[in-house]
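Trainee: I am new to this structure and would like to go through it by question and answer. Please show it to me.

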Amino acid sequence: MAGDSGRWEAALHFLDEMWEWEVVPDEVTYDTVIRACQRCQRWEEALHVFRQMRRKGFRPEEPTYAAVAASCRKSGQDQLAESVEREARILLRDHPDYGRCVKVMTILGRLSLADVANVADRLHQDCHLYRPVE
């Protein structure tokens, strides 16, 4: 964890710079920043970025909710964690990929921030190629 200590600050700085450069971050960017904050036990920053994400009109997926809730819970903020989890259950209860997302986030939690960013970028690219059959 000591090697990760400044990464949450760099991630937050990058997010701020994106807005300054008029580049709109996407859900993957927000999730990556939240995960960096979570890994460095910065629950307040993770919650701040999560709230900013929602204010900007993005709908977080289950892994993002899970990262924020875990960050809060690990820091002793159980009521906040329960609030985030309750919101996720209400908003995502019918999400077909719920179980799969939990497994993926468990795996990603073991990677470095750079590896998570690379995986997230690849998943984002792959998702644009996939179109569900209706």
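Trainee: Which residues of helix 4 are buried?
Mentor: This is a predicted model, in which local features need pLDDT of at least 70, side-chain atom pairs count only at pLDDT 80 or more, and totals for chains, interfaces and linings use all residues. Residues are numbered from 1 along each chain as its sequence is written, and side-chain values use heavy atoms, with hydrogens and water left out. Buried means under 20% relative accessible area, exposed over 50%, and partly exposed in between (1.4 Å probe, protein chains only). In helix 4 the buried residues are E62, P63, T64, Y65, A67, V68, A69, S71 and C72.

Trainee: How far apart are the end C-alpha atoms of helix 4?
Mentor: The expected span of a helix is 1.5 Å times one less than its number of residues. Helix 4 (residues 62–74) has 13 residues, so it should span 18 Å. The model agrees, for its end C-alpha atoms are apart by 18 Å.

Trainee: Which residue just after helix 4 takes a positive phi?
Mentor: The phi in question is about 85°. The residue that takes it, just after helix 4, is G76.

Trainee: Is Q38 buried or exposed?
Mentor: Q38 has its place in helix 2. Its relative accessibility is 19%, so Q38 counts as buried.

Trainee: Which residues is Q38 in contact with, leaving aside its neighbours within four places in sequence?
Mentor: Contact means heavy atoms within 4.5 Å. With those neighbours left aside, the residues in contact with Q38 are A67, A70 and S71.

Trainee: What does T29 touch, not counting residues up to four places away in sequence?
Mentor: T29 lies in helix 2 (residues 27–39). At a relative accessible area of 17%, T29 is buried. Not counting residues up to four places away in sequence, T29 touches L15 and M18.

Trainee: How many helices and strands are there in the protein chain?
Mentor: Helices (H or I, at least four residues) and strands (E, at least two) are DSSP runs, numbered from the N terminus. Along the sequence the pattern reads α-α-α-α-α-α-α. The count for the protein chain is 7 helices and 0 strands.

Trainee: Which element has the lowest mean pLDDT?
Mentor: pLDDT is the predictor's confidence in each residue, from 0 to 100. The protein chain averages 76, and 65% of the residues score at least 70. Among its elements, helix 3 (residues 43–55) has the highest mean, 92. The lowest, 60, belongs to helix 6 (residues 98–108).
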